[in-house]
Amino acid sequence: MKRLKVFGSLVKDSLDTITHGSKKYHLWMALLTFVMLAGMYCYSIQLEHGLSVTGMTDRVSWGLYISNFTFLVGVAAAAVMLVMPTYVLKDIDFKQAVLIGEGLAVAALIMCLAFVIADMGGPSVLWHMIPGIGVFNFPNSMLTWDVLVLNGYLFLNITIPFYILFRHYQGKEAKRSVYIPGAILSVFWAVAIHLVTAFLYQGLQARPFWNNALLGPRFLASAFAAGPALIILVLAIIRSFTEFKIQDKTIKKIAMVVTVAAQINLIMLISELFKEFYAPTHHSESAYYLFFGLDGKDALLPWIWTAIPLNVLATVLLTFHKLRNNFKVLFFCCFILFVAIWIEKGFGLIVPGFIPGPYGKIAEYMPTGIEIGVTLGIWALGAFVFTILAKTAIGIELGKLRYKK
Amino acid sequence: MSNNNKKWFSLNLGRKEKTSSGSCSCGKTSGGCGSSSDSHHMTDEAFNEAAIHASIGEERTKDGFEQVFDVKMDRRSAFKKLTASLLIGAGAVSTSCSVISGDESKEKAQIDWEEQFKGNYKLMTDKEKEGTVDRLVRSYQLRTGKNISMSSKNAEEDVLFGYAFNISKCQGYMDCVNACVEENNQDRNSQMQYIRIHEMKDGKGFNFNEADDNYYHEVPAEGHFYMGTQCFHCDNPPCVEVCPVQATWREDDGLVVVDYDWCVGCRYCMAACPYDGRRFNWSKPEVPEAEINHNQHYLGNRMRKKGVMEKCTFCVQRSRAGKNPACVEACPTGARIFGNLLDPDSTIRWVLENKKVFRLKEDLGTEPKFWYFMD
Ligand code: SF4
Ligand code: SF4
């Protein structure tokens, strides 16, 4: 009973915090709300007319939505790079960052689920996918695995921080014996969500571009670069807009993680390029299309040739300690790395899988305005959720939010 | 069941032998025969109860039923629809209880409700299958005043359908394509076609990359030959494995079918198909009332809705009634041969035994039941 009362008071207090803030904060939230509403409007058009309002066709049947989904799974998985050292290795540096990281994971997962639903032809029969009520093709379909691991990870990432914050809210210490097992589990889980998502594509013998043993590991490497890069950027923003103190040491440590992951990612990219272009086979055509275009069709060229130089530049800059320790350079690197991996793991991965088609047909894909609108709306939703979570967490951690007995 | 039972050539690449079909008496060479009533199975009532219980609050608009029956109804504004989607359950109930509305609309609402929460066709008993078919027929009648006949005929024993395509004979007339569209009530707006005819240059071999599957000129064009593709009804179909909700499956007579009402439209099967065999309803399919083929099968050419997958079913409504698929019948050159692979006297068996046949992308281990040969 008492717990319930505390919980009620927590909800009330957090509602209070998230509705109060500086002018900039209100402006930010208003902007997000506006984008979300615009996205919802676009989605309502899609519901009305079907997926024909998107750029997808029978030839390229997955596009912007699934690209973003794939990328965001990676962002969600990255939170674990912070969880592990903090909870398990008792590394104090990461402690403030970890709640932010987990909030980011929750927001990313919500976006993932929203993208999957946006991509569905029949959202009204989604219940067919609920285990027990519908028919769940487990374990044959990798998509069912993905549904399980994503929701499981979402659950873990909500409960662990919630437990810790709930204790802190009452002015008590969180018990290690309670959250450590959860934290360890979530470490394995994070790897699982990413591998399973990679297997989704990797397991299709029909698409040689994806059917490649390196896909899973490369997913992991790029995720562990892009995710923490985003966390660094977010921490930088939080640091300058709130009183929440994040030490330089913490950011530098996360930067180290980003650097190593980006280096591994680059090595794998080289290995992939070697395989595709040294002895090109019939199966290298998708890669040719991606990097050089085929038959004069070259819609992806600007994208991939933005991504590759950004990726290389960021990795090289980060490799030098001097440059990495300069925060201006670091933030710049994190930003371009994030953009580069978004292109590479999204557009650069999903779309060429379908081009050329099973019989060599080259039909290009371009997202439509409505598709972009829905996508922006979902990103705004993610930012909105994250802002709410972060604001509450920071309030509690700073001691501003406390349970009054 | 050992592989020696196979009546045709097979690489057996990547093929998992499904042991569960060991006691099967129907002589099928691949798994899955009669094993559809597995532990997932629920009774109708239990299913409905569970579904209703858990689905309140599920997004559902009544417009889904407009989609099902391909009949125009008054349009609601998009936003209203969004909110309405949350209230579908209540909406359906209130319609069915309303005093003002007549018996017919009550019946409609009743049918809509039952159709919304029905189970997966694959797991239905024969009685349940009949039930849903009756509801769909009645609903069509209520909405358009026209009668259709819809079959729920199951696979027959000792039947395994196969197809052979004579490359020497095909002249690229595309009569098969047109017959298919008309027979199977495909969307006319997007010009959906299950069959693609690839026009290839003589002397270049089977070079699909340089082939044209969208030609508009007089055929046969000088120096070209033609090759048709469609769903090959793989015996080890990757599209079936990946479907998260088992909305698509291999029937016992080898047909790979889709339950249009169970498909959630994720398009994973489309990505998994190596043969470009699947088509998606990107918008609401439209067929002029006068052109609708009223002789339908639940798994075949009944009306689809937007956002679901469909594909060639070897014209299940015809093939299970002992007829040839529409494409076979329409072909003026006799390039297309269809029949029962388990019948030693069938033409298809004669072709497989006497011609040098091959299949596409055999290295993928999908075991298509679609062979090519030359005279
Ligand atoms: S051809 Fe494609 S759609 Fe048809 S059964 Fe094979 S994999 Fe499935
Ligand atoms: S589109 Fe439909 S049939 Fe295909 S995998 Fe998804 S749910 Fe299954």
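User: How do the residues of the shell around ligand 1 divide into nonpolar, polar and charged?

Analyst: This is a predicted model, in which local features need pLDDT of at least 70 and side-chain atom pairs count only at pLDDT 80 or more, while totals for chains, interfaces and linings use all residues. Residues are numbered from 1 along each chain as its sequence is written, chains are lettered from A and ligands numbered from 1 in the order in which they are written, and side-chain values use heavy atoms, with hydrogens and water left out. Around ligand 1 there are 13 residues, with B:Cys231, B:Phe232, B:Cys234, B:Cys239 and B:Cys273 coming nearest (near means a heavy atom within 4 Å). With Ala, Val, Leu, Ile, Met, Phe, Trp, Tyr, Cys and Pro as nonpolar, Asp, Glu, Lys and Arg as charged, and the others, Gly among them, as polar, the shell of ligand 1 has 10 nonpolar, 1 polar and 2 charged.

User: How do the residues of the shell around ligand 2 divide?

Analyst: Cysteines of chain B take part here too: the residues around ligand 2 include B:Cys243, B:Cys263, B:Cys266 and B:Cys269. Among the others are B:Thr248, B:Gly265 and B:Arg267. The division is 8 nonpolar, 2 polar and 1 charged.

User: Is B:Cys269 buried or exposed?

Analyst: Buried means under 20% relative accessible area, exposed over 50%, and partly exposed in between, with a 1.4 Å probe and protein chains only. B:Cys269 has a relative accessible area of 8%, so this residue counts as buried.

User: How many disulfides are there over all chains?

Analyst: A disulfide is a covalent bond between the sulfur atoms of two cysteines. The rule used is a pair of cysteine sulfur atoms within 2.5 Å. By this rule the count over all chains is 0.

User: Which cysteine sulfur is nearest to that of B:Cys176?

Analyst: B:Cys176 is buried, at a relative accessible area of 7%. B:Cys176 is in no disulfide, and 6.4 Å away lies its nearest cysteine sulfur, that of B:Cys331.

User: Which helix gives the largest share of the lining of the largest cavity?

Analyst: A cavity is a set of points on a 1 Å grid over the protein atoms alone where a 1.4 Å probe fits but cannot get out, and lining residues have an atom within 4 Å of a point. The structure holds 12 cavities of 30 Å³ or more, and the largest has about 190 Å³ of space. Its lining has 17 residues, with A:Phe209, A:Arg218, A:Glu272, A:Leu290 and A:Phe291 nearest the centre. The largest share, 4 residues, comes from H9(A).

User: Which residue of chain B meets A:Lys361 in a salt bridge?

Analyst: A:Lys361, in the loop between H14 and H15 of chain A, pairs across chains with a residue in the loop between strand E3 (196–201) and strand E4 (224–229) of chain B. The N to O distance is 3.3 Å, and the partner is B:Asp213.

Technical notes: 1 Å grid on protein atoms, 1.4 Å probe; cavity = no way out; pocket = protein on both sides within 12 Å on 5 of 7 lines; lining within 4 Å. Points joined across faces, edges and corners; volume = space filled by probe spheres on them. Helix = DSSP H or I, 4+ residues; strand = E, 2+ residues; numbered from the N terminus. Salt bridge = Lys/Arg side-chain N within 4 Å of Asp/Glu carboxyl O.
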